[in-house]
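User: I have a model open and want to learn how to read it. Can you take me through it feature by feature?

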Amino acid sequence: MTRKIRLTPNEVQHFVAVASKCDFDIDIAYNRYAVDAKSFLGVYGLDFSQDLTVHYSGHNAEFEEMLKNYALAC
């Protein structure tokens, strides 16, 4: 699945904590730069002025709920 989100630096710790509980791979990217969403330093190094794309292939209710909170309005 792919979701577009927007994060602030203050939200990174919560995002990584919830992502780390998932038993599937999660990547977060903008343009051609992609990092492991379970890596605090990787996610914190992203450009938060950009829309971020989350790629994942599993299901976790807590993670899905968090993505809804950070989702961009369509």
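Analyst: We start with the overall fold and then turn to single residues. Keep in mind that this is a predicted model.

User: Which secondary structure elements does the protein chain have, and in what order do they run?

Analyst: The protein chain has three helices and four strands. Their order is β-α-β-β-α-β-α. The radius of gyration is 11 Å, close to the 11 Å of the globule rule for 74 residues, so the protein chain is as compact as a globular protein of that length. The C-alpha trace spans about 30 × 25 × 25 Å along its principal axes.

User: What share of the residues is buried?

Analyst: Buried means under 20% relative accessible area. In this protein chain, 39% of the 74 residues are buried. The accessible surface comes to about 4500 Å², and carbon and sulfur atoms hold 49% of that.

User: What share of the contacts comes from residues 24 or more positions apart?

Analyst: Take the contacts with a separation of 6 or more. Residues 24 or more positions apart account for 63% of them in the protein chain.

User: How far apart are the mean positions of the positive and negative charges?

Analyst: Average each set, then compare the two points. The protein chain has 7 positive and 10 negative charges, and their mean positions are 4 Å apart.

User: How many aromatic pairs are there, and which rings form a cluster?

Analyst: Rings pair if their centres lie within 6.5 Å. The count is seven aromatic pairs. One of them joins Phe-15 and Phe-63, with ring centres 6.2 Å apart and planes at 55°, so this pair is tilted. Phe-15 sits in helix 1 (residues 12–20) and Phe-63 in helix 3 (residues 61–70). They are 48 residues apart, and the pair links distant parts of the chain. Both residues are buried. Ring pairs also link Phe-15, Phe-24, Tyr-56 and Phe-63 into a cluster.

User: Helix 3 also holds Glu-64. Is Glu-64 buried or exposed?

Analyst: Compare its relative accessible area with the cut-off. For Glu-64 the value is 12%, so this residue is buried. Next, look for partners beyond four places in sequence. Glu-64 touches Met-1, Arg-3, Tyr-56, Gly-58 and His-59.

User: Where does Gln-50 lie, and which residues is it in contact with?

Analyst: Gln-50 is in the loop between helix 2 (40–44) and strand 4 (52–56). Its relative accessible area is 29%, so Gln-50 is partly exposed. Neighbours within four places in sequence aside, Gln-50 is in contact with Arg-6 and Tyr-30. Gln-50 and Leu-7 are 43 residues apart in sequence, with their C-alpha atoms 8.9 Å apart in space.

User: What is the phi of Asn-31?

Analyst: Start with the background. Most residues other than glycine have a negative phi. Asn-31 has a phi near 50°, a positive value in a residue other than glycine. Asn-31 lies in the loop between strand 2 (26–30) and strand 3 (33–36).

User: Is Asn-31 buried or exposed?

Analyst: Exposed means over 50% relative accessible area. Asn-31 has 71% relative accessibility, so Asn-31 counts as exposed. For a distance along and across the chain, take Asn-31 and Lys-4. These two are 27 residues apart along the chain, and their C-alpha atoms are separated by 12 Å.

Technical notes. Residues are numbered from 1 along each chain as its sequence is written. This is a predicted model: local features need pLDDT of at least 70, side-chain atom pairs count only at pLDDT 80 or more; totals for chains, interfaces and linings use all residues. Side-chain values use heavy atoms; hydrogens and water are left out. Helices (H or I, at least four residues) and strands (E, at least two) are DSSP runs, numbered from the N terminus. The radius of gyration is taken over C-alpha atoms; the globule rule is 2.2 Å times the number of residues to the power 0.38. Buried means under 20% relative accessible area, exposed over 50%, partly exposed in between (1.4 Å probe, protein chains only). Contact means heavy atoms within 4.5 Å. Accessible areas come from the Shrake-Rupley method with a 1.4 Å probe; for residues, only the protein chains shown count as cover. Lys and Arg count as positive and Asp and Glu as negative; His and the chain ends are not counted. The place of a charge is taken as NZ of Lys, CZ of Arg, CG of Asp or CD of Glu. Rings of Phe, Tyr and Trp (its six-membered ring) pair if their centres lie within 6.5 Å; planes under 30 degrees apart count as stacked, over 60 as edge-to-face and the rest as tilted.
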